[in-house]
Amino acid sequence: MPLHLEEKQQFDDTQIHELLKRISRQYEGRLSVYASIRRRLIPAEFFRLAADLLPPGSDVLEVGSGIGMFTLVLAAMRPDIRISGFELEPERVRQAEKARVALNIGNAHFACQDLRSPTFASAFDACVAIDLFHHLPKAASDNLMTTAFSSLRPGAKLICKEISTRPRMKWLFTYLLDLAVAPKDSFSYFDLPSRKEQLRTAGFHNVFGFRMNSLLPYPHIVIIGQKA
């Protein structure tokens, strides 16, 4: 059954978890297992925050959209926006698009892009990045942050959900899990002050960030910056 949402709505935790569950059922093979695990890892609070911050009728860039599960959640929560998700792996893009079509979510689309040397042709009103930057080596992470800044219109915000290096035991747990899932990646984890400084160096103003509470052992942080 398609997701028919005609206007912006307020979602509680249960509704967000139901959205995630329904979207996660659309994937095939090993990505089905990955989606089932991944949907449990990010607090619903983040999706409410991101949905509230995205401007009405905006064009949104998502860097590192993966299998598209989180992209589709935001698109379902905010039917007035348009989200363009970019991902390196073609199979993830294919399954993201398959899930989008199956759920009849018309305000999202997905495309392949090497985010280690990205180019984005359009100007966007906001950018979302969910657990992407720490999967890149520092130079590529810095370059992507600068490219994301360049792709935004004046006044646009970057909304970034990341992993901190503090507390150390939570970071170690996350690192071991990342290593198991993506052993070929070259990681660069930042603590919260360093991640905020990365945004400032890229050109963002009014940068702020905070830790997110979670029952799971992940050091979630959110960082938000604005293009002047």
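## Fold and nonpolar cores of a predicted chain

Of the contacts (heavy atoms within 4.5 Å) in the chain with a separation of 6 or more, 75% join residues 24 or more positions apart. The model is predicted: local features need pLDDT of at least 70, side-chain atom pairs count only at pLDDT 80 or more, and totals for chains, interfaces and linings use all residues. Residues are numbered from 1 along each chain as its sequence is written, and side-chain values use heavy atoms, with hydrogens and water left out.

The chain contains eight helices and seven strands, assigned as DSSP runs (H or I, at least four residues; E, at least two) and numbered from the N terminus. Buried residues (under 20% relative accessible area, 1.4 Å probe, protein chains only) amount to 52% of the 228 residues.

A nonpolar core is a set of buried Ala, Val, Leu, Ile, Met, Phe, Trp, Tyr and Cys residues joined through side-chain atoms within 4.5 Å. Two such cores are listed below.

| Core | Size | Residues, among them |
|---|---|---|
| Largest | 41 residues | Tyr27, Phe46, Phe47, Met69, Leu72, Met77 |
| Second, separate | 27 residues | Phe120, Ala148, Ala156, Leu199 |

The residues named for the largest core are those with the most contacts inside it. Elements giving two or more residues to this core include α1 (13-24), α4 (69-77), β3 (108-112) and β7 (220-226). The most comes from α4, with eight residues. Leaving aside neighbours within four places in sequence, Met69 is in contact with Leu20, Ile23, Ser24, Tyr27, Ala35, Arg38 and Arg39.

Methods:
Buried < 20%, exposed > 50% of the residue type's maximum accessible area, 1.4 Å probe, protein only.
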